[in-house]
Amino acid sequence: MITFACDRCQKKIDSKQELRFVVSVEVEAAMDFDEEDRPDHEYLNELQELLESLDTVDCAEISDKAYQKKSYDLCEQCCQEYLKNPLAIEHAAPMGCSNN
Ligand SMILES: [Zn+2]
């Protein structure tokens, strides 16, 4: 029998007793080149500069940052917590909403 552990709270998840949730996160760098608004040669110059700058850094590191896909096993409770705040924003309550 395969047992899973929650990646957030480390609790063992017994799939016969409770639901296991898999959260898949896909992060990719957005390339927002505005090709229509600029002459071709300008675009090529920028591309050339970009390629030259890449020579000096670790290409594997760049591609790690440009695209990442991860998946996590979560117990039901942690899944609910994750969905409340998927971006892990520290201040959950919006400012100025107090009734006092
Ligand atoms: Zn958990």
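1. Order of elements. From the N terminus on, the chain runs β-β-β-α-α-β-α. That gives three helices and four strands. Helices (H or I, at least four residues) and strands (E, at least two) are DSSP runs, numbered from the N terminus.

2. Basis of the model. This is a predicted model, in which local features need pLDDT of at least 70, side-chain atom pairs count only at pLDDT 80 or more, and totals for chains, interfaces and linings use all residues. Residues are numbered from 1 along each chain as its sequence is written.

3. Confidence. The pLDDT (the predictor's confidence in each residue, from 0 to 100) averages 81 over the chain, and 76% of the residues score at least 70. Helix 3 (residues 76-84) has the highest confidence in the chain, at 95, while helix 2 has the lowest, at a mean of 72. Where pLDDT is low, the predicted coordinates should not be read in detail.

4. Burial. A residue is buried if 20 or more other C-beta atoms lie within 10 Å of its own, exposed if 12 or fewer, and partly exposed in between, with C-beta atoms placed from the backbone. By that count, 4% of the 100 residues of the chain are buried.

5. Contacts. Two residues are in contact if their C-beta atoms, placed from the backbone, lie within 7 Å. Among contacts between residues at least 6 apart in sequence, 72% join residues at least 24 apart.

6. Helix 1. This helix covers residues 40-54, and its 15 residues reach 21 Å from the first C-alpha to the last, close to the 21 Å expected at 1.5 Å a residue. The expected span is 1.5 Å times one less than the number of residues. Helix 1 is hardly covered, and its count of buried residues is zero.

7. Strands 3 and 4. Strand 3 pairs with strand 4 (residues 67-75) in the antiparallel sense, over nine bridges. Pairing requires that DSSP finds at least two bridges between the two strands. Strand 3 has nine residues and is hardly covered, with a count of buried residues of zero.

8. E26. This residue lies in strand 3 (residues 20-28) and stands opposite K69 in strand 4. The C-alpha atoms of E26 and K70 are separated by 6.5 Å, although the two residues are 44 residues apart along the chain. E26 counts as exposed because it has 9 C-beta neighbours inside 10 Å.

9. Helix 2. Both S63 and K65 lie in this helix, and S63 places it at residues 59-66. Why does S63 count as exposed? S63 has 11 C-beta neighbours inside 10 Å, so it counts as exposed. K65 is also exposed, because 11 other C-beta atoms lie within 10 Å.

10. Positive phi angles. Q10 is not a glycine, yet has a positive phi of about 70 degrees. Q10 lies in the loop between strand 1 (4-5) and strand 2 (12-13), and is exposed because it has 9 C-beta neighbours inside 10 Å. A88 is not a glycine either, and has a positive phi of about 55 degrees. A88 lies in the segment after helix 3. With 6 C-beta neighbours inside 10 Å, A88 counts as exposed.
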